[in-house]
Amino acid sequence: MAAAFKKNFEEYKTKLDDALHEKNKFNDVLEKIEKKTGVKRLYWVLGLIAFLGIYLMIGYGCDFLCNFIGFLYPAYASFKAIETKQKDDDTKWLTYWVVYAVFCLIEYFTDIFLFWIPLYWFLKCCFLVYLMAPTSWNGSITIYYKFIRPLVMRHEKKIDSGIDKVVDAGRAAFDEAKSTVNEAASDALKKRIGTSGAD
């Protein structure tokens, strides 16, 4: 098992190192840092990841940092996906946002209990990175197809019916409010005309 872990770690390290040598602005900055310090960019990034991991365990404002990590890259990647002609990347990021929304909804109602779990923000950040990981075992796709999709498909008609009822009720409330406002405005105008005519 230790040999398999070491093999996987080395494989991911190689992939990360390859990604850090692709041409982009972030890697250009890393290249400058690498030249000035003599420390490989891979070690800078691994050090940054380790620092963030430790900070998420014990740092102040780790809830903000965790949510920032879970939102910033996916938002930017979603923007990039929208601007491409391919449909696959759009589907991938829409899937991420569906899973993220469900997770946030669950977290909202269970926050009072989750807050007490040691290292909660670190674990949540690891979960969010798993959801956005650009790998074949991407977490958002796995969770969507194993849990969310079957649940929604099973109750789709009920959900659609409920949404239609809410929309109809909202429309009726808006129409009623509009009618009431029109009547009040008409009455106010009549009173104003009546009082000016009496003068």
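**The core and its setting**

Tutor: The accessible surface of the protein comes to about 15500 Å², with 68% of that area belonging to carbon and sulfur atoms (Shrake-Rupley method, 1.4 Å probe, only the protein chains shown counting as cover for residues). The model is a predicted one, in which local features need pLDDT of at least 70 and side-chain atom pairs count only at pLDDT 80 or more, while totals for chains, interfaces and linings use all residues. Residues are numbered from 1 along each chain as its sequence is written, and side-chain values use heavy atoms, with hydrogens and water left out.

The protein has eight helices and zero strands (DSSP runs numbered from the N terminus, H or I of at least four residues for helices and E of at least two for strands). Of its 199 residues, 19% count as buried, that is, under 20% relative accessible area with a 1.4 Å probe and protein chains only.

The largest nonpolar core has 19 residues, such a core being a set of buried Ala, Val, Leu, Ile, Met, Phe, Trp, Tyr and Cys residues joined through side-chain atoms within 4.5 Å. Helix 4 (62-83), helix 5 (88-114), helix 6 (120-132) and helix 7 (139-154) each supply at least two of its residues, and helix 6 gives the most, with six. Those with the most contacts inside the core are Leu 56, Cys 66, Trp 93, Tyr 96, Leu 128 and Leu 131. Leaving aside neighbours within four places in sequence, Cys 66 is in contact (heavy atoms within 4.5 Å) with Leu 56, Trp 121, Lys 124, Cys 125 and Leu 128.

Note on methods:
Buried < 20%, exposed > 50% of the residue type's maximum accessible area, 1.4 Å probe, protein only.
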